[in-house]
Amino acid sequence: MPLLPRTPNALRIALAAILVGVTVPALAIFQNGGFEAGSFASWTLGGGTNPGLSPITPPFTGANVVINPGAAGPATIVGNAPDPRAPDLTLPRVGSQTAKINDESGGSLVTTLTQVDTVSNADIDPIDGVPHIRFSFAPVVEDPGHSPHEQPYFYVALKNTTTNTVVFEQFAYSGQPGVTYKTAGSWKYLDFQTVDVPLPMSAIGQQIELTVIAADCSLGGHGGYVYVDGFGSANVPPPAGALTDPPKLVPALSTGLLVLLGGFLGLMAWGSRRQMV
Ligand SMILES: [Ca+2]
């Protein structure tokens with residue numbers, strides 16, 4: 001039997017380093033963060049059914065998300081595949097694989113994608129000397145014109161589980177006023193949004209939980225999904241063919257404000273998280 005059996009390269013390198021008594025830098029945050037394994041390896045998929053957001057009055061945050069028990073919605077890995085519901089999107093977003101959470105079919109399904117990992121020195125950006133978490137997402141949601149709490153929606157959040165604070169959160173339902181959706185037939189979508197969340201140095205060694213949720217409409221007839229890619233601490237390159245950085249869903253927040261907002265949203269969003277499970 002070989003000394004080092006078949007293992008992922010990273011593990012093999014770590015094992016080799018231990019064997020020869022040297023250390024190697026910690027791996028950057030999120031495993032298979034670009035889905036280049038062609039699968040959801042290292043990720044946790046889940047979900048259920050969408051009874052509608054609660055309470056039913058906007059504005060909504062993750063605190064309004066309710067997921068009832070039931071079979072989870074779908075999730076797939078896509079490559080070079082044009083999306084007729086979002087014709088301006090270039091797929092894959094980064095590398096050769098991108099994750100698609102939920103899909104265009106209805107059924108009141110919700111799909112969740114999560115991963116928990118530890119912030120390390122490998123996540124420090126030498127440009128500003130603090131750790132970062134970066135990724136890109138693009139929601140594609142049908143707009144049947146239901147009441148806001150019944151519409152398809154998406155949700156993306158980063159939570160520091162060590163300090164119990166949300167450090168980034170983005171929620172929007174289909175057709176939500178103020179969100180700069182593009183339209184293709186009955187579908188609304190956004191260009192890929194590149195997220196860059198700087199973290200304080202105190203985050204080193206702390207755990208970050210990433211959550212992505214995409215939901216069909218609660219009435220059953222309409223779908224919604226979100227593409228995600230590039231999770232990690234490295235810069236996400238611009239989309240292929242893009243002349244400039246993609247537009248932001250919301251104006252960029254300063255780090256201090258983001259931290260304050262994260263703490264505030266954390267109290268709101270995660271205090272009632274029992275609703276989500
Ligand atoms: Ca990728």
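Me: How many helices and strands does the chain have?
Reply: This is a predicted model, in which local features need pLDDT of at least 70 and side-chain atom pairs count only at pLDDT 80 or more, while totals for chains, interfaces and linings use all residues. Residues are numbered from 1 along each chain as its sequence is written, and side-chain values use heavy atoms, with hydrogens and water left out. Helices (H or I, at least four residues) and strands (E, at least two) are DSSP runs, numbered from the N terminus. On that basis the chain has 2 helices and 13 strands.

Me: What percentage of the residues in the chain is buried?
Reply: Buried means under 20% relative accessible area, exposed means over 50%, and partly exposed lies in between, with a 1.4 Å probe and protein chains only. Of the 277 residues in the chain, the buried ones make up 48%.

Me: Why is strand β6 described as largely enclosed by the rest of the structure?
Reply: Strand β6 covers residues 130-142. It is largely enclosed because, of its 13 residues, the number buried is 12.

Me: Which residue in β13 stands opposite proline 139?
Reply: Two strands pair if DSSP finds at least two bridges between them. Strand β13 (residues 224-232) is joined to β6 by 7 bridges, and the two run antiparallel. Across this pairing, proline 139 faces valine 226.

Me: Which residue in β11 stands opposite serine 136?
Reply: β6 also pairs with strand β11 (residues 193-198) in the antiparallel sense, over 6 bridges. There the residue opposite serine 136 is threonine 194.

Me: Which residue in the hairpin of β5 and β6 takes a positive phi?
Reply: Strand β5 (residues 124-125) and β6 run antiparallel and are joined by 2 bridges, with aspartate 125 standing opposite valine 130. The hairpin has 4 residues between the strands, and the positive phi, near 75 degrees, belongs to glycine 129.

Me: How far apart in space are glycine 106 and leucine 219, C-alpha to C-alpha?
Reply: Glycine 106 sits in the loop between β3 (98-101) and β4 (109-118), and it is partly exposed, with a relative accessible area of 26%. Leaving aside neighbours within four places in sequence, glycine 106 is in contact (heavy atoms within 4.5 Å) with residues including Asp216 and His222. Although glycine 106 and leucine 219 are 113 residues apart in sequence, their C-alpha to C-alpha separation in space is 8.7 Å.
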